[in-house]
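This report describes a protein model in terms of its charge pairing, fold, pocket and surface. The sequence and structure are shown first.

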Amino acid sequence: MCIIIFLIVMTIGFEFLKEYITEEMADDRSIRPIINSLFGELTILGFLSMFSFFVTKIGFMDYLSPIIFGNTNDDEEEEEEAKELLLETFETVHFSIFFIMVTFVSSVLLLVKYAKTMENKWWYMNMICCNDDTTNE
């Protein structure tokens with residue numbers, strides 16, 4: 001029950017964050033494609049993560065692992081190790097995808113914030129220059 005509540009809270013939190021980011025950037029046409037691409041990448045990585053979860057849970061790895069790594073011995077212990085080798089590799093890839101996603105999202109949000117700050121600074125400098133030009137005439 002606690003896990004379900006945790007997942008619901010995390011999903012609601014993600015939706016609030018997504019809505020906040022989308023609304024903050026709604027007026028800025030130059031950053032909107034970046035935000036759309038960010039959420040598109042999240043969708044792809046989410047699909048890959050879900051696919052890897054299902055593949056491991058249906059037992060496909062137990063079947064495929066001995067074929068890939070070979071199992072010519074009749075030793076039962078080596079057979080179990082061969083079955084688990086692909087599963088461990090797949091889990092490593094699954095976690096790597098998650099950490100890549102976290103790094104990607106953090107990088108994009110940091111760069112968008114930096115770009116927005118620079119845009120505001122340039123706009124302010126442009127306004128100062130335009131106001132100085134009109135006062136000199």
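One salt bridge is found when the whole structure is searched; the term denotes a side-chain nitrogen of Lys or Arg within 4 Å of a carboxyl oxygen of Asp or Glu. In general, side chains of opposite charge can pair when their charged atoms come close. Lys116 forms the bridge with Glu119, and the closest N and O atoms lie 3.7 Å apart. Because they are 3 residues apart in helix H4, Lys116 and Glu119 are separated by about one helical turn.

The model is predicted: local features need pLDDT of at least 70, side-chain atom pairs count only at pLDDT 80 or more, and totals for chains, interfaces and linings use all residues. Residues are numbered from 1 along each chain as its sequence is written, and side-chain values use heavy atoms, with hydrogens and water left out.

The protein chain contains 4 helices and 0 strands, and its elements run α-α-α-α from the N terminus on. Helices (H or I, at least four residues) and strands (E, at least two) are DSSP runs, numbered from the N terminus. Of the 137 residues in the chain, 16% are buried. Buried means under 20% relative accessible area, exposed over 50%, and partly exposed in between (1.4 Å probe, protein chains only).

| Residue | Relative accessible area | Class |
|---|---|---|
| Lys116 | 24% | partly exposed |
| Glu119 | 33% | partly exposed |
| Leu48 | 36% | partly exposed |
| Leu42 | 14% | buried |

The largest pocket holds about 900 Å³ of space. Among the 23 residues lining this pocket, Met10, Phe14, Leu42, Phe98 and Met101 are the closest to its centre. Two or more lining residues are given by each of helix H1 (2-24), H2 and helix H4 (76-136). H4 supplies the largest share of the lining, 9 residues. By class, the lining comprises 18 nonpolar, 5 polar and no charged residues. Here Ala, Val, Leu, Ile, Met, Phe, Trp, Tyr, Cys and Pro count as nonpolar, Asp, Glu, Lys and Arg as charged, and the others, Gly among them, as polar. A pocket is an open set of points on a 1 Å grid over the protein atoms alone, where a 1.4 Å probe fits, with protein on both sides within 12 Å along at least five of seven lines; lining residues have an atom within 4 Å of a point.

Leu42 belongs to helix H2. The C-alpha atoms of Leu42 and Phe104 are separated by 9.2 Å, although these residues are 62 apart along the chain.

Leu48 also has its place in helix H2 (residues 32-57). Its C-alpha lies 8.2 Å from that of His94, with 46 residues of sequence separation between Leu48 and His94. Leu48 contributes, together with Ile44, Phe47, Met50, Phe51, Phe53 and Phe54, to a nonpolar surface patch of about 700 Å². Patches are made of residues with over 30% relative accessible area and no salt bridge, with like charges joined within 9 Å and nonpolar side chains (Val, Leu, Ile, Met, Phe, Trp, Tyr) within 5 Å.

Conventions: Areas by Shrake-Rupley, 256 points an atom, 1.4 Å probe, with all protein chains shown as cover. Points joined across faces, edges and corners; volume = space filled by probe spheres on them.
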